[in-house]
Amino acid sequence: MSRIVYVNGDFVPEADAKVSVFDRGFLMADGVYEVTTVVGGRLIDFAGHAARLERSLRALDMTSPMGTEALLAVHRDLVSRNGLEEGLVYLQVTRGVADRDFAYPAKGTAPTLVLFTQSLAVLERESVKRGIKVASVPDLRWARRDIKTVQLLYPSMAKMAAKAQGADDAWMVDEDGHVTEGSSNNAYIVTSAGTIVTRPLNHAILHGITRSAVLRLAAETGLGVEERPFLLAEAKVAAEAFITSASAFVTPVVEIDGTALGDGRPGAVTRRLREIYIEECLAKAV
Ligand SMILES: Cc1ncc(COP(=O)(O)O)c(C=O)c1O
């Protein structure tokens, strides 16, 4: 079935959803994006994604295409037009259409705004039952990973390198041997004492919306949380590991570079966190 896609104010069949070849998103990866998960036809943590979109736009001196309330209305309209029950809404804003030039076009150039839906199972996933395997790769991305830009070639290469080794995803590692994050998710370990460890927020990682909810819920549940860099070597001997993202929620990691964690099955802390995260996000979905 053909989807309905939102392009610059219009809802059009996907075959008619087009942007200019002069769009700076196409020519320079001069754009930012958000992915909001949909369950039961409702949006999960829309406010968090809208707030991060504003931060990304501000960091790149880009014009916001519309306010948060209007953006929520577009999301809802698109979900409804596509009869989407479970999946995601992808949103992309670029600096707009201009002659190719490294300098930004004049202020007032209209940003390009595109949204589309993808149907996807997020609640019931085989990867959650068995846990995923990750393979380490050097983190060769640019230094402003806190901005959610559409320049995703290196994460894509990292994922392909991991898959070539029989893993499901990559964990990227900085020059000091510390894990930064997954190709499209934040990375965590759980120590033998049950403490959840994840890298602190700075320019080195994307500030995950799921990360922030999961760490708050962990603390509210009385689980220990330490925000500090952890070495790949420490991760390989951790009791548990997991990733978080809008569509993966909390997904267990059971193997790193061929080394099984614990008994090689999803850990209890990870399973509990997934449960409480899903319970809260479904209760608050809009
Ligand atoms: C590099 C990276 N880190 C972390 C995340 C998780 O962020 P969120 O929980 O907001 O989906 C993503 C999501 O796309 C990502 O691309």
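This short report looks at the ligand and its surroundings in a predicted model.

Let's begin with where the ligand is found: the largest pocket is its site. The elements that contribute two or more residues to the shell around the ligand are α2 (46–59), β9 (179–182), α6 (209–220) and β13 (240–245). Both domain 1 (4–119) and domain 2 (127–284) take part, each supplying at least three residues to that shell.

In total, 18 residues surround the ligand, and the closest are Arg52, Lys148, Glu181, Ile209 and Thr210. Sorted by class, the shell holds ten polar, four charged and four nonpolar residues.

| Residue | Protein atom | Ligand atom | Distance |
|---|---|---|---|
| Arg52 | polar side-chain atom | oxygen | 2.8 Å |
| Glu181 | side-chain N or O | nitrogen | 2.6 Å |
| Ala246 | backbone N or O | oxygen | 2.8 Å |

How much of the ligand does the protein bury? Taken alone, the ligand exposes 390 Å², and 92% of that is buried by the protein.

Definitions and conventions: Residues numbered from 1 in each chain as written. Predicted model: local features only at pLDDT ≥ 70, side-chain atom pairs only at ≥ 80, totals over all residues. Heavy atoms only, no water. Near = heavy atom within 4 Å. Polar contact = N/O pair within 3.5 Å; in protein donor to acceptor, adjacent residues only side chain to side chain. Areas by Shrake-Rupley, 256 points an atom, 1.4 Å probe, with all protein chains shown as cover. 1 Å grid on protein atoms, 1.4 Å probe; cavity = no way out; pocket = protein on both sides within 12 Å on 5 of 7 lines; lining within 4 Å. Sits in = over half its atoms within 2 Å of the grid points. Helix = DSSP H or I, 4+ residues; strand = E, 2+ residues; numbered from the N terminus. Nonpolar A, V, L, I, M, F, W, Y, C, P; charged D, E, K, R; others polar. Domains from an automatic or database assignment.
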